[in-house]
Amino acid sequence: MSYWGYKFETLSLLPAPWAETSRDYIESREDLIVNNHAQYCSVVKTGIGKSRLILGGEVDAQLKTAATPLSDRDIRKYERKLLKFWIQSFLLGVPKIIVGFRSKDGILQSLEELETEKIPRMVKLKGKGSWDGNVCINFTAKFLDWLITTIAEDGGVWRIRMRNQAPVIEVFKVAESGYGGILSKEFIEWRSRPSPQSSSQAGKRATSQVDTSNPQSG
């Protein structure tokens, strides 16, 4: 079951445009072994409330799978999945999502194309209203404001954790300094080097100061 989503991606995607893909490959996709390591990731700049963010994420949000809802309980479960679909796609700027509805045995039964920006309204007006997009955004904005203030005061490396079904979000320090193994040594060294533009500007300022203080200049 954990590979059904990957199989849906394998069946839905081609390595090249349709006209450039062989008939043998197209017709043999059902027998292909899925690859859960291949990813297409995107890095984006965005903002929520007063906070400015740089996010990295896997852009597989266009293709998702869900069990075909047959009862009110199934609909609520699907709406919770829609929340995850919407958050991932909304933050990474993915405009549309294709959902493949499957049976309990994993057989694809139907497809639905959703516009990311319309998902919250769809849940509110046509579904069970189990979540509200505005509430999600407003809570995240408030949390980020508090988080930035907390981290800025102490520095160090922090971890954010929410345990399964827990009513609280935990924020705690794991190291007094460093980058938590997130940034590579090469990136840190590159980032600490002055840019050519800043070096040039510093040289101009130094030259200007020397000229101003030297009565023989000019």
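1. Lys-128 counts as partly exposed, at 38% relative accessibility. Buried here means under 20% relative accessible area, exposed means over 50%, and partly exposed lies in between (1.4 Å probe, protein chains only). The model is predicted: local features need pLDDT of at least 70, side-chain atom pairs count only at pLDDT 80 or more, and totals for chains, interfaces and linings use all residues. Residues are numbered from 1 along each chain as its sequence is written, and side-chain values use heavy atoms, with hydrogens and water left out.

2. Overall make-up comes next. The protein has seven helices and seven strands. Both are DSSP runs numbered from the N terminus: helices are H or I with at least four residues, strands are E with at least two. Along the sequence the order is α-α-β-β-β-α-β-β-α-α-β-β-α-α. Of the 218 residues, 21% count as buried.

3. Lys-128 has a charged partner. Its side chain meets that of Asp-72 in a salt bridge, 3.2 Å from N to O. This pair joins distant parts of the chain, 56 residues apart: Lys-128 sits in the loop between helix H4 (119-125) and helix H5 (133-154), and Asp-72 sits in helix H3. Asp-72 is partly exposed too, at 41% relative accessible area. The criterion for a salt bridge is a side-chain nitrogen of Lys or Arg within 4 Å of a carboxyl oxygen of Asp or Glu. By this rule there are seven salt bridges.

4. Arg-23 bridges to Glu-27, with the closest N and O atoms 4.0 Å apart. Both residues belong to helix H2 (residues 23-27), four residues apart, about one turn of the helix. Arg-23 is partly exposed at 47% relative accessibility, while Glu-27 is exposed at 57%.

5. Glu-115 has two links to report. Its side chain forms a salt bridge with Lys-118 at 3.5 Å, N to O. Glu-115 is also the bridge partner, in E5, of Lys-96. Glu-115 is partly exposed at 35% relative accessibility; Lys-118 is partly exposed at 47%. Elsewhere, Arg-161, Arg-163 and Glu-170 are linked in a salt-bridge network.

6. The strands around Glu-115 deserve a look. E4 (residues 96-102) and E5 (residues 108-115) pair in the antiparallel sense over seven bridges. Strands count as paired if DSSP finds at least two bridges between them. E4 and E5 form a hairpin with five residues between them. In the turn, Gly-106 has a positive phi of about 85°.

7. What charge does the surface patch around Arg-76 carry? Positive: Arg-73, Arg-76, Lys-77, Arg-80, Lys-84 and Lys-104 gather there. Patch members have over 30% relative accessible area and no salt bridge; like charges are joined within 9 Å, and nonpolar side chains (Val, Leu, Ile, Met, Phe, Trp, Tyr) within 5 Å. Lys and Arg count as positive, Asp and Glu as negative; His and the chain ends are not counted. Each charge is placed at NZ of Lys, CZ of Arg, CG of Asp or CD of Glu. Arg-76 lies in helix H3 (residues 72-92) and is partly exposed at 40%.

8. A nonpolar surface patch is formed by Tyr-179, Ile-182, Leu-183, Phe-187 and Trp-190, with about 570 Å² of accessible area together. Areas follow the Shrake-Rupley method with a 1.4 Å probe; for residues, only the protein chains shown count as cover. Leu-183 sits in the loop between strand E7 (170-175) and helix H6 (185-192). Leu-183 is partly exposed, at 34%.
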